[in-house]
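Could you walk me through this model in my viewer, one selection at a time? I have never looked at it before, so please tell me what to click and what I will find there.

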Amino acid sequence: MKGIRYLFAVSWTLIALGAVAVFGLSNDTQDKENAEEKTAKECEIPAFAKAIGHEDKWLLHNGCPPRKVEQKSDEK
């Protein structure tokens with residue numbers, strides 16, 4: 001019986017460590033800080049992303065800050 005308890009304790013410890021290794025303990029704020037450090041050259045949207053209309057998704061995936069879209073006002 002003691003062997004089974006030991007086996008379960010080791011198993012759960014390894015599962016917990018495996019989850020930390022896979023998912024990590026990263027902070028979302030670190031990603032935002034790194035986005036500010038990227039240069040304009042690194043965040044230039046490639047032609048294939050523009051062709052399929054995924055500019056914003058490409059920027060998000062590559063850790064770049066979102067582009068600023070100018071809103072048009074409908075004044076007559």
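Begin by selecting Met-1, Ile-4, Phe-8, Trp-12 and Ile-15, which make a nonpolar surface patch of about 640 Å². A patch here is made of residues with over 30% relative accessible area and no salt bridge, where like charges are joined within 9 Å and nonpolar side chains (Val, Leu, Ile, Met, Phe, Trp, Tyr) within 5 Å. Areas come from the Shrake-Rupley method with a 1.4 Å probe, and for residues only the protein chains shown count as cover.

Buried stands for under 20% relative accessible area, exposed for over 50%, and partly exposed for what lies in between (1.4 Å probe, protein chains only). Met-1 sits in the segment before helix H1 (2-23).

A word on what you are viewing: this is a predicted model, in which local features need pLDDT of at least 70 and side-chain atom pairs count only at pLDDT 80 or more, while totals for chains, interfaces and linings use all residues. Residues are numbered from 1 along each chain as its sequence is written, and side-chain values use heavy atoms, with hydrogens and water left out.

Switch to a cartoon view next. The protein chain has four helices and zero strands, and its elements follow the order α-α-α-α from the N terminus. Helices (H or I, at least four residues) and strands (E, at least two) are DSSP runs, numbered from the N terminus. Of the 76 residues in the chain, 11% are buried.

Next, select Cys-43 and Cys-64. A disulfide (a pair of cysteine sulfur atoms within 2.5 Å) joins Cys-43 to Cys-64, with an S to S distance of 2.2 Å. This pair links distant parts of the chain, 21 residues apart: Cys-43 is in the loop between helix H2 (28-37) and helix H3 (47-51), and Cys-64 is in the segment after helix H4 (55-61). Why is this disulfide left-handed? The torsion about the S-S bond of Cys-43 and Cys-64 is about -95°, so the disulfide is left-handed. Cys-43 is buried at 15% relative accessible area, and Cys-64 is buried at 7%.

You now have the largest nonpolar core, with six residues. Such a core is a set of buried Ala, Val, Leu, Ile, Met, Phe, Trp, Tyr and Cys residues joined through side-chain atoms within 4.5 Å. Zoom in on Trp-58: leaving out residues up to four places away in sequence, Trp-58 touches Glu-42, Cys-43, Glu-44, Ile-45, Pro-46, Phe-48 and Ala-49. Contact means heavy atoms within 4.5 Å.

For the last stop, select Glu-55, Asp-56 and Arg-67, which are linked in a network of salt bridges. A salt bridge is a side-chain nitrogen of Lys or Arg within 4 Å of a carboxyl oxygen of Asp or Glu. Arg-67 meets Glu-55 at 3.9 Å, N to O. Arg-67 lies in the segment after H4 and Glu-55 in helix H4, so this pair ties together parts twelve residues apart in sequence. Arg-67 also meets Asp-56, at 2.8 Å, N to O.
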